[in-house]
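Subject: Structure handover and findings

Dear colleague,

I am passing on the structure below, followed by an account of what was found in it. Please read the notes with the structure open beside them.

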Amino acid sequence: MSSPAMENMKKFAGQAGVFFTRARQYTEEKLGSAEKTELDAQFENLQQRADRTKQWTERILSRTEAVLQPNPTRRMEDFLNTKLDRKMQDRETNHEAFGLTMIEAGNELGPGTQYGAALVQCGGTQKKLGQFEKEFMQAAITNFIGPLRNFLEADMKTITKERKILENKRLDLDAAKGKLRKAKSPESSKLQNSDDLIRTAEAELRVAQSEFDRQYEITKLLLEGISSAHSNHLSRLQYFIEAQQAYFEQCQKAMTELQIQMAKSDGGKAPQVALEAQEG
């Protein structure tokens with residue numbers, strides 16, 4: 001009866017043998033001394049589309065994060081907070097800090113003076129802009145950045161894993177084909193057990209072909225799923241644009257109101273932009 005240690009040793013030896021066979025097949029293909037099963041053009045196109053999707057999703061994700069948070073240190077903090085399901089509500093934005101400084105300055109210099117009152121007004125608006133920015137960033141992370149990152153970390157990792165398995169099965173298949181060709185060669189036909197060698201090689205080839213075909217179909221289905229990913233990314237992009245439009249609209253409204261308030265406090269001499277906005 002075999003001991004667990006002996007079974008583990010046999011398993012390790014088997015894995016090492018498979019690895020060696022694949023490495024030899026790969027090397028011989030590179031040297032041009034072994035034939036290689038080529039995948040069909042449609043499958044290759046699916047793989048190329050998946051590669052392009054991964055590449056551009058990574059770049060879009062990186063650029064989006066840089067737009068939302070230009071500071072790389074804070075960008076990393078945001079990433080960690082997202083991983084830990086934390087929101088950014090407790091952290092002060094630059095606009096909020098700017099607004100608080102204006103309010104403090106206005107109160108210190110005299111809120112009853114024209115300049116002091118203007119500082120307090122401007123500070124309040126800047127704090128609003130900071131809050132709008134937080135809301136926009138949170139919406140962008142939840143509805144755009146998060147889904148794109150999940151796609152890369154889940155779907156694309158699965159596709160990459162299955163493609164690697166397919167490549168290994170392809171190497172096994174071609175190694176089995178090579179073994180059968182060798183068993184049928186004139187040199188092998190002279191051996192006493194040549195028929196047994198051929199039958200064994202044919203059986204191994206059938207198994208290798210079956211495993212390759214099965215993995216091919218699995219991988220192809222996953223690659224075809226990139227179309228659904230594109231549709232999902234499109235809807236997420238629409239969410240992002242809606243959030244961005246709402247953010248700019250809130251900011252524009254707040255700034256228009258501030259211009260009008262400051263114009264009134266300056267004796268009614270409103271800037272032309274503020275008057276036009278009020279009339280509109």
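Of the contacts in the chain with a separation of 6 or more, 75% are accounted for by residues 24 or more positions apart, where contact means heavy atoms within 4.5 Å. This is a predicted model, in which local features need pLDDT of at least 70 and side-chain atom pairs count only at pLDDT 80 or more, while totals for chains, interfaces and linings use all residues. Residues are numbered from 1 along each chain as its sequence is written, and side-chain values use heavy atoms, with hydrogens and water left out.

The chain has nine helices and zero strands, these being DSSP runs numbered from the N terminus (H or I and at least four residues for helices, E and at least two for strands). Buried residues make up 33% of its 280 residues; here buried means under 20% relative accessible area, exposed means over 50%, and partly exposed lies in between, with a 1.4 Å probe and protein chains only. The accessible surface of the chain comes to about 18100 Å², and 55% of that belongs to carbon and sulfur atoms; such areas come from the Shrake-Rupley method with a 1.4 Å probe, and for residues only the protein chains shown count as cover.

Thr125 lies in helix α5, which covers residues 114-183, and Thr125 counts as buried because its relative accessibility is 7%. Leaving aside neighbours within four places in sequence, Thr125 is in contact with Ala254, Met255 and Leu258. Ala243 belongs to helix α8, residues 226-265, and is likewise counted as buried, at 17% relative accessibility.

Together with Leu237 and Ile241, Leu234 forms a nonpolar patch on the surface, with about 260 Å² of accessible area in total. Patches are made of residues with over 30% relative accessible area and no salt bridge, like charges being joined within 9 Å and nonpolar side chains (Val, Leu, Ile, Met, Phe, Trp, Tyr) within 5 Å.

How many salt bridges does the structure hold? There are 11 salt bridges, each being a side-chain nitrogen of Lys or Arg within 4 Å of a carboxyl oxygen of Asp or Glu. One of them pairs Arg149 with Glu65, the closest N and O atoms being 2.1 Å apart. This pair links distant parts of the chain, since Arg149 is in helix α5 and Glu65 in helix α2 (residues 41-68), 84 residues apart. Arg149 counts as buried at 10% relative accessibility, and Glu65 is buried too, with a relative accessible area of 18%.

Lys179 and Glu204 form another salt bridge, with 2.8 Å between the closest N and O atoms. Here too distant parts of the chain are linked, Lys179 in helix α5 with Glu204 in helix α7 (residues 194-224), 25 residues apart. Lys179 is partly exposed at 40% relative accessibility, and Glu204 is partly exposed at 33%.

With kind regards
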